[in-house]
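Please read these notes with the structure open beside you, and take the points in order.

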Amino acid sequence: MFVLALLEDTVAVKPHELGKELGSVLRRRINQRLSNKVVPELGLCICVYDLLEVGVTYILPGEGSGHTKVKFRLVVFRPFVDEVIQARVVSSNSHGLTLSVEFFEDIIIPAERLPEPHVFEQSEQVWYWEYPAEDGQPPARLYMDPGKTVRFRVVENIFRDVKPNLTPEEAQKEKSYEIIGTMAETGLGCVAWWSQTVEDGGEEGEDMEEE
């Protein structure tokens, strides 16, 4: 889910910071610039992992700031394709589910990648899996409500060039980084579906409702 990216950059050090411990200043400056930012084809930057090389600090003519060339490693959130991740359902609509891993909420499970057969309950705006019952009983409804914990498999990481200064409405539609996943496989979907109860009888779990 997390990778270490090797990057190189020239970091500006403000005049009032020149007398401080350089490594701490460089870490803080890099984190201010990159943390919680999406770098195209790289992922969501989390924080500096370590500094590998720190060059000489130069002060350019007419400037008071120092400029230091740094080679460093950065912790980046970019799940591998086929990686199985646990997340929480944030919302649902007729197009599918939106999931969150707390610090990242642009995870999409398209409707066609939900467990089959699946049904969208329009009145409640929620999806459920029609789980076939035994002995001729009606199928059980396994709901995928917002707030429930699910497992999904990563299908694709999508990066897009997004224009700056978007309105809030445009920002909701134009995502610079989006993860597409699937829950249409055994063991995926709501965690409670696959966990066995410790009570006698081995019931399916609290998420199951019969029609």
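1. A nonpolar core is a set of buried Ala, Val, Leu, Ile, Met, Phe, Trp, Tyr and Cys residues joined through side-chain atoms within 4.5 Å. In this predicted model, the largest such core has 28 residues, and those with the most contacts inside it are Leu97, Leu99, Phe104, Met144, Phe152, Ile179 and Met183. Strands S5, S6, S7, S9, S11 and S12 each give two or more residues to this core, and S11 gives the most, with four. Apart from this core lies another, of 15 residues, which includes Val3, Leu26, Cys45 and Val70.

2. Which residues does methionine 144 touch, leaving aside its neighbours within four places in sequence? Among them are Val89, Leu97, Trp127, Trp129, Met183 and Trp193.

3. Strand S12 deserves a careful look, because six of its six residues are buried and the strand is thus largely enclosed by the rest of the structure. Both of its faces are covered, with Tyr177, Ile179 and Gly181 buried on one side and Glu178, Ile180 and Thr182 buried on the other. S12 pairs with S11 in the antiparallel sense over six bridges, whereas two bridges join it to S7, with these two strands running parallel. Isoleucine 180 of S12 is the bridge partner of isoleucine 108, and glutamate 156 also stands opposite isoleucine 180.

4. Finally, consider serine 100, which lies in strand S6. Serine 100 counts as buried because its relative accessible area is 1%, and buried means under 20%. Its side chain reaches the backbone nitrogen of glutamate 102 at 2.9 Å, and, leaving aside neighbours within four places in sequence, serine 100 is in contact with Ala87, Arg88, Val90 and Glu105.

Definitions and conventions. Residues numbered from 1 in each chain as written. Predicted model: local features only at pLDDT ≥ 70, side-chain atom pairs only at ≥ 80, totals over all residues. Heavy atoms only, no water. Buried < 20%, exposed > 50% of the residue type's maximum accessible area, 1.4 Å probe, protein only. Contact = heavy atoms within 4.5 Å. Polar contact = N/O pair within 3.5 Å; in protein donor to acceptor, adjacent residues only side chain to side chain. Pairing = 2+ DSSP bridges.
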